[in-house]
There are 2 protein chains.
Amino acid sequence: MTVTIALDAMGGDDAPGMVIDGAIAAAARHPEARFLLVGREDAIKWELKEAGVDSSRFGIVSASQFVEMDEKPSDALRRKKDSSIRVGANLVKSGEADALVSAGNTGALMAIARFVLKTLPGIDRPAIAGLMPGSVRPTLMMDLGANVDCTLDHLVQFSLMGEIYAKEVMGLSKPKIGLLNIGEEEMKGNEAVKKAGDLLKANPCYIGNVEGTDIFMGDVDVVVCDGFVGNIALKTGEGVAQLFTHFLKKAFGKNLLTKLGGLLAYPALKGFKSDMDHRKYNGAMLLGLNGVVVKSHGGADGYAFSNAIRVAVELAENRINDKIKTEVTRLHEGREGAS
Amino acid sequence: MTVTIALDAMGGDDAPGMVIDGAIAAAARHPEARFLLVGREDAIKWELKEAGVDSSRFGIVSASQFVEMDEKPSDALRRKKDSSIRVGANLVKSGEADALVSAGNTGALMAIARFVLKTLPGIDRPAIAGLMPGSVRPTLMMDLGANVDCTLDHLVQFSLMGEIYAKEVMGLSKPKIGLLNIGEEEMKGNEAVKKAGDLLKANPCYIGNVEGTDIFMGDVDVVVCDGFVGNIALKTGEGVAQLFTHFLKKAFGKNLLTKLGGLLAYPALKGFKSDMDHRKYNGAMLLGLNGVVVKSHGGADGYAFSNAIRVAVELAENRINDKIKTEVTRLHEGREGAS
């Protein structure tokens, strides 16, 4: 199936250069896909020429404005009707593109995408979902920060979207779904989490509560939580990874002997660096919208951005939103039938 | 000042052996302190004899029962009136001991300590506080799991207790206090966190919101959050650290070349291991109780347990609870005066 992916050429710390780099890598990786570069035409053309590539693989869609990284989402939504994010979202809405990928302002991307595309029927709020590295296999975690306070219905909807993603994209016939919670028996979770757990028991994929350690070291495929907890868990994990790297560098840089050791350990350290490379996991999905939108890390380079594009291609090719729509409808009919 | 520390000899996966090992190490480190070993007398005496130490440094207080690691806290509280935790808490209440250290069942320790010692006047709920490793310096974080749903008053009380600890034990004249929150401007935190932030603005030590990354990499001394978020952040951090270690071992164990590299990198890896040694950070404080109680990790070894004992000695020697009491009273009088 040929899919068309719109790329926000203006979003991200190193845009548009890194977007073009990512697009070139993605074009080589996905010969079946078409890419539309959205943004200032002169800048895009200059970058393509600099890279010396055949620009016929890429369409260019002009957008005269772009959203600043620290701009208020509500301002971006109201005042910048011709921003690259807005034009990209419109392309998805009109069907000219099957997905939008942006490394721009997260809040603005969420606000604009929600305004232009609306949520899927039966889904109250879109969630940010991302793949986390694991000792056994990657884990899908959501919500990573779109919704601060979630009701049990939101959590159940997140679990449903996660289940469909795990089945369709990760290829798991019976993914294991867990609710992120704390360990102590007598005080398991806040009210919404407790009630969501009661409701989810009917789902054979639901394995119960999981703890923070399980995200990375556990036997779970989909971890569901509210956006406040999810975002803090995500950033805490990043912090520990940075601290680890800091101490590792410090240890190898201590003296001549340790520096020599580092040199001789280079093959191992290189393998380790590749395993822990967060750029491989770039590309968070805004699930629950009437269209595919993928958020890249703002500090992404071309390689990282190409991975966010891969996430969008997978979502579009698997027609993930159609499947969420079908399942949500079935769930609602099932509930109405039962009541 | 001579302090007396009660040690729950029966709590923890490797008790009583590791408790005795920890006590011996602590006795050497704190010649000014006295230690009371609480538990089954025969088992304690046997361990002391095995270790071949002068047992006159240690008092033994008999307790006929002990709380299982997976026992329900309410059962432990109701049915085991002669458990080592209960007897230890009673020693603190009567003034025979200045602090209790236990590696036993966290929920039971919290329930029993709260029942026996009660909370300090002006403190609604005790919190679990712990030191986290940092690239610059350690950070005190609380609550780590005692309270699932916190009001703004609880968060403000936690910040006050954290501030006093940072001043008195960490020796900081103006500690930086932050509220754990998420990054997006437009949706900063849930209601309790937002309101607590408004109230804390009056405190010159308050630096505003901090994110998960800041716990380990930031310029903050005290991180305040509710126990649900705090526990998940703690466990997530542990998970990432385990994943890092897993990948590091995998990278060095890959083939003969990488194994040789690991051997030659040994001095650096040893330094790294020491920096990241979580046993150094063992000993979470149950702050806000009318008495000093420190929780050791259940899987602690003697070295880790000796560090939990050090935390208790520091809290007792600094008379931290008296200072919290004074400050809370002052805060209340200030508020009443203002209203």
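What is the relative accessible area of Glu71(A), and does this residue count as buried or exposed?

Mentor: This is a predicted model, in which local features need pLDDT of at least 70 and side-chain atom pairs pLDDT 80 or more, while totals for chains, interfaces and linings use all residues. Residues are numbered from 1 along each chain as its sequence is written, chains are lettered from A and ligands numbered from 1 in the order written, and side-chain values use heavy atoms, without hydrogens and water.

Glu71(A) is buried, with a relative accessible area of 16%; buried means under 20%, exposed over 50% and partly exposed in between, with a 1.4 Å probe and protein chains only. Glu71(A) sits in the loop between β3 (58-62) and α3 of chain A. Helices (H or I, at least four residues) and strands (E, at least two) are DSSP runs, numbered from the N terminus. Leaving aside residues up to four places away in sequence, Glu71(A) touches Phe66(A), Ala76(A), Lys80(A) and Asn105(A), where contact means heavy atoms within 4.5 Å.

The side chain of Glu71(A) makes a polar contact with that of Lys80(A) at 2.9 Å, and it reaches the backbone nitrogen of Glu68(A) at 2.9 Å. A polar contact is a pair of N or O atoms within 3.5 Å; within protein, one must be able to donate a hydrogen and the other to accept it, and residues adjacent in sequence count only if both atoms are side-chain atoms.

Asp75(A) is buried, at 16% relative accessible area, and its side chain is in polar contact with the side chain of Arg78(A) at 3.0 Å.

A salt bridge is a side-chain nitrogen of Lys or Arg within 4 Å of a carboxyl oxygen of Asp or Glu. Glu163(A) forms one with Lys167(A), the closest N and O atoms being 2.8 Å apart. Because these two are four residues apart in helix α6 (residues 152-168) of chain A, about one helical turn separates Glu163(A) from Lys167(A). Glu163(A) is buried at 11%, whereas Lys167(A) is partly exposed at 32%.

In chain B, the side chains of Lys176(B) and Asp219(B) meet in a salt bridge at 2.7 Å, N to O. Lys176(B) lies in the loop between α6 (152-168) and β7 (177-180) of chain B and Asp219(B) in the loop between α8 and β9 (222-224), so the pair ties together parts that are 43 residues apart in sequence. Both count as partly exposed: Lys176(B) at 30%, Asp219(B) at 43%.

Last, the meeting of the chains. There, 64 residues of chain B are in contact with 64 residues of chain A. The two chains bury about 5500 Å² between them, 76% of it on carbon and sulfur atoms; buried area is the accessible area (1.4 Å probe) that two parts lose on being put together, summed over both. On the chain B side, Phe228(B), Phe244(B) and Phe247(B) lose the most area to chain A, together 12% of what that side buries. Two salt bridges are counted between chain B and chain A. The side chains of Glu211(A) and Lys235(B) meet in a salt bridge at 2.4 Å, N to O.
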